[in-house]
Amino acid sequence: MVVATVEGIPLVIGHEWAVDLLKHGLATDHLSHAYLFTGPPRIGKTSLALYLARALNCLNLEGRPCGSCSACLKIGKGLHPDVRVIGEQESSIKIDQIRELQREISLSPFAGRWRVYILCNFQKATPEAANCLLKTLEEPPPRVVLILTAIQAEMLLPTIVSRCQVLNLRPLPVDQVQRALQAHWGIELRQASLLARLSGGRIGWAIEASSNDALLRKREKYLVALEQALCQGRTGRMSLAQQLSREPQVLPDVFDLWQSWWRDLMLAKSGNAHALTNIDREQMVLNEAQHYTLGEIWACLRAIQRAAQQVKQNVSPRLALAVLFLRMPCSSS
Ligand SMILES: [Zn+2]
């Protein structure tokens, strides 16, 4: 598969099957009027959507998108008049934004152009906004492509999902992320390998972490919190639960991190230390693994999964964390 590059960086990294499918749709004039790209955060959904927007509006006749014509460049900079990205920064998509989209669509399009609307994180759209968009999906105007992104299709109205072609993106293989970091961002092997493993195949996360220390500092902070929880008694654990519950928006990532830690302990215990995620802490993982039985580690993983599920279902974060900490074993035992 050949994907165009901008300043040496491919427009899309990985997801070859999805790129091929979109290319085939373009080549045979069988594009859908609406797509839904699903997958975990920072996996490349918006990049793929921008790829399709470029392919539709590229000024070159061959090898579209070229990545370098004025249309491709404008799309990359968010300056193309026919390509809109909605909801990327906002905490939700509101009905006014959908009404504005509908108003624009109703104006006659420039001859031969494609209007592309990329609606990011549509699971955060208000019910009113989702219902309003339904009208556009039911009567798709010509030469308009809507691309919705969401973490899971199940988080959207079934009536919306059924009107979209759904492409479910999966995390990339860790070695593909590592190679991309080395080849296109010049990250040295050791760091690229660590970031790729920590990313769990989410290329966007790995790229950001390679230039932004804050993500790794955050990881440090929450690994220390886990350590603290394990060596404290009931009272200490309760106050830690209260403290952590003050930032509920970071909890999904924190639970992922803690799961990676306990999975590493399990790998270490079963002689598979080569597959660790937290490779920069290999010695610590090996030491810690000796403190717990496989049964305790397994129970912990289950408890973290349960807490993550509960927070998703709007159980109070403080309660979910408190229950989780009480289920965790004591590191001194
Ligand atoms: Zn182009």
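**Exercise 1. What covers the buried residues of helix 14?**

Before we start, a word on the model: it is predicted, so local features need pLDDT of at least 70 and side-chain atom pairs count only at pLDDT 80 or more, while totals for chains, interfaces and linings use all residues. Residues are numbered from 1 along each chain as its sequence is written, and side-chain values use heavy atoms, with hydrogens and water left out.

*Solution.* 
- Start with the element itself. Helices (H or I, at least four residues) and strands (E, at least two) are DSSP runs, numbered from the N terminus.
- Check the length of helix 14, residues 294-312.
- List what is buried (under 20% relative accessible area, with exposed over 50% and partly exposed in between; 1.4 Å probe, protein chains only). In helix 14 these residues are Ile297, Cys300, Leu301, Ala303, Ile304, Ala307 and Val311.
- Look down the axis of helix 14: the buried residues fall within an arc of 165°, so they line one face of the helix. The arc is that of the directions from the helix axis to the C-beta atoms.
- Now the cover: it includes helix 12 (251-269) and helix 15 (317-327).
- Finally, step past the end of the helix, where Asn314 follows with a positive phi, near 70°.

**Exercise 2. Find the residues with the most contacts inside the largest nonpolar core.**

*Solution.* 
- Such a core is a set of buried Ala, Val, Leu, Ile, Met, Phe, Trp, Tyr and Cys residues joined through side-chain atoms within 4.5 Å.
- The largest one has 38 residues, and the most contacts inside it belong to Phe255, Trp258, Trp262, Phe325 and Met328.
- At least two residues come from each of helix 10 (213-231), helix 11 (234-244), helix 12, helix 13 (282-289), helix 14 and helix 15. Helix 12 gives the most, ten residues.
- Take Met328 as a test case, with contact meaning heavy atoms within 4.5 Å. Leaving aside neighbours within four places in sequence, Met328 is in contact with Leu226, Leu230, Arg237, Trp258, Trp262, Cys300 and Ile304.

**Exercise 3. Describe how strand 5 (residues 115-119) is covered and paired.**

*Solution.* 
- Count first: five of the five residues of strand 5 are buried.
- Then sort by side. Arg115, Tyr117 and Leu119 lie on one side, Val116 and Ile118 on the other, and both faces are covered. In a regular strand the side chains alternate between the two faces of the sheet.
- Pairing requires at least two DSSP bridges between two strands. Strand 4 (residues 83-86) runs parallel to strand 5 and is joined to it by four bridges; five bridges join strand 5 to strand 6 (residues 144-150), also parallel.
- Follow Val116: its bridge partner in strand 6 is Val145, and Val116 is in turn the strand 5 partner of Val83.

**Exercise 4. How many of the 13 residues of helix 2 (residues 45-57) are buried, and what do they pack against?**

*Solution.* 
- Twelve of the 13 residues are buried, so to speak the helix is mostly covered.- The buried residues of helix 2 pack against helix 1 (16-27), strand 3 (34-38), helix 3 (70-77), strand 4, strand 5 and strand 6.
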